[in-house]
Amino acid sequence: MPRINSHSVSLRRRATNWLALGSISLAALIVTVPLFLILGTVVYRGLPTLTWSFLTQLPKPVGETGGGMANAIVGSLEILGVASIIGVPFGVGTGIFLAEYGRNKWGNLVRFTADVLNGVPSIVIGMTAWALVVVTQGHFSLFAGSVALGIMMVPVISRTTEEVLLLVPQPIREAAWGLGIPHWRTTLSVIIPTASSGILTSVMLAFARIAGETAPLMFTAFGNEYWSLRLDQPTAALPLKIFQYAIMPYEQAHQYAWTGALVLITIIMVTIIVFRWIASKSTIQGAM
Amino acid sequence: MPMLPRLKVPSDSSARQQPESTPAPNAGENKPGAAPRRRLRTSEGNVGDAVFRALVVLCAVALLSIVGLIVFELVTQSRLSMKHFGFSFLYRSIWDPVNEDFGALPFIYGTVVSSLIAVIIAVPLSLGTALFLTELCPRALRPILSLLVELLAAIPSVIYGLWGIFVMAPFLRRHIQPFLASSLGWTGLFTGPKYGYGMLASGIILAIMILPIISSITREVITAVPRQQREAALALGATRWETLRMAVLRNARAGILGAVILGLGRAFGETMAVTMVIGNRPEIAKSLFAPGYSLASVIANEFAEAVGNVYLSALMQCALVLFAITLIVNAAAGILVWSITRGTPSRAIA
């Protein structure tokens, strides 16, 4: 089988080598192309109508000039805020459970369930929130949207929190126990502060993930043409507004959809950059 | 302990005073004489511990019950439709809200086919990206490239959809589809009117959306392959590519398969981008140029306006089918990834 004429084999192997390595590098290059194309288009098409009134006024009916998405921007932020109030404590609590008490079959069950929940399509979570909240309340509401998004935050935060807590060196715990500090106090006052930047990044990661979610809001927050900041009323949200404008058959509506997309993507990118910055200052290097 | 001084250990006074000033929790359970030694060993029996533990267990139970509630709601809400159509819901292609006659086959077909197109396109690209990032990339470039891939994952689905209808679909219609029709039209997959949007367009959009997840998990799996495997291959005189193929890819193949399946699961559940580009026509066509429909997008489009209990229930059953498919796919993928990375510290998949 081995050919004696090793020179030609070596040439073929070298050619294959360069061809394969070339394709691998090319693949990596191609993957970055859509990012620049999409971000570039959003900025290019969205920027012209990004005016002060876009950020501060209510939407006007198609055909009239002016108007904006102020209610959708504020509505989105409020939905995200309430979602975080719901999702963050449960996520961090579950993370603490997994890291401190979860080295057994119950922990594995919770870990598996968190992964299952992470894989549930967002629209299915939206339908569950509809069945649980909207049907009970009898109408669409901001709260229902926040429940849907809050549920989506839990698995992301809990798994990342667990990871970060496990990175806290064992001797630190032992030192705290050595001082006679009870386990709960050790966790709250020693371990969590040590891991706090990691936990914060996990929260931001979850926030960035839900910030652009549209599907779970369609049957929960539903959308609104006017100002509504009440928890029990339907509320406008930026992703919903973008979708609504994108499928309208009017050029002007499309224009507004692009500008809305620019605002949304800016919010998300800023969150990610801040989270990266915090992660780089992390107490525990390599936590993220 | 160089780390200790930086820590915010509970303020000095409280830590030092604890043994004397907080005897209350243990007083009832321990004999006074035995208390100090007990406390040095563990803090069992501490009321604070019990409360804290109960609180975090409650959070974990809440997580379990959320998933339980999802299953419960989906099943109870779709019971009516199950009673009406039984298993025929899964293989009939009728979607008639007026006569309340429903079968979800076109949606299942659309979901599966568009996701498969996505995987076929995304796998080579994300595999290449993962290999490049772990094995070839210059050190200085690595954080930048991985940030770019991560940002791709952060773009909201609705913006993918927006870009899909206004930029990608026209481009497909004008440039790609005529080319495919003339060169590969004989396969029957690339024929018929060229709308731009349709099954092919949604497959491509989904491919871009699942690239980051496949490549990040593949990276994790590749990193888990022991260094000695590579060194052994190199020592035998293998070229760099041969090392990658024999030492890295072969050892990581189960995990890579898991990553691909996980990407497939993501594609199944994607809603907004697909709804905006797939064309929303409940038909099964051989040509990939033809419009289709997916389980997630039929829910997105019709749920808010659905009238009649059977109609609502049929849409709920679509959600149940979608949930079941993603559950099976994710569980399979989880097992495959775990089989490779179990030796190394796990990282959550975000």
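Mentor: Two residues are in contact if their C-beta atoms, placed from the backbone, lie within 7 Å. Keep in mind that this is a predicted model.

Trainee: What makes domain 1 and domain 2 of chain A touch?
Mentor: Pairs that meet that cut-off of 7 Å. On the domain 1 side there are 6 residues, and they are in contact with 8 residues of domain 2 of chain A. The domain 1 side divides into 3 nonpolar, 2 polar and 1 charged.

Trainee: Where do the two domains of chain A run?
Mentor: Domain 1 covers 6-49 and domain 2 covers 53-280. Their centres, taken over C-alpha atoms, are 33 Å apart.

Trainee: How do you know that chain A touches chain B?
Mentor: By the cut-off of 7 Å between C-beta atoms. In chain A, 85 residues are in contact with 83 residues of chain B. Helix H1 (residues 6-46) of chain A gives the largest share of the chain A side, 19 residues.

Trainee: Which classes make up the side of chain A that touches chain B?
Mentor: That side has 56 nonpolar, 23 polar and 6 charged residues.

Trainee: What is chain B built from?
Mentor: Chain B has 15 helices and 2 strands. Of its contacts with a separation of 6 or more, 74% link residues 24 or more positions apart.

How values were computed: Residues are numbered from 1 along each chain as its sequence is written. Chains are lettered from A and ligands numbered from 1 in the order in which they are written. This is a predicted model: local features need pLDDT of at least 70, side-chain atom pairs count only at pLDDT 80 or more; totals for chains, interfaces and linings use all residues. Helices (H or I, at least four residues) and strands (E, at least two) are DSSP runs, numbered from the N terminus. Ala, Val, Leu, Ile, Met, Phe, Trp, Tyr, Cys and Pro count as nonpolar, Asp, Glu, Lys and Arg as charged, and the others, Gly among them, as polar. Domain bounds come from an automatic or database domain assignment.
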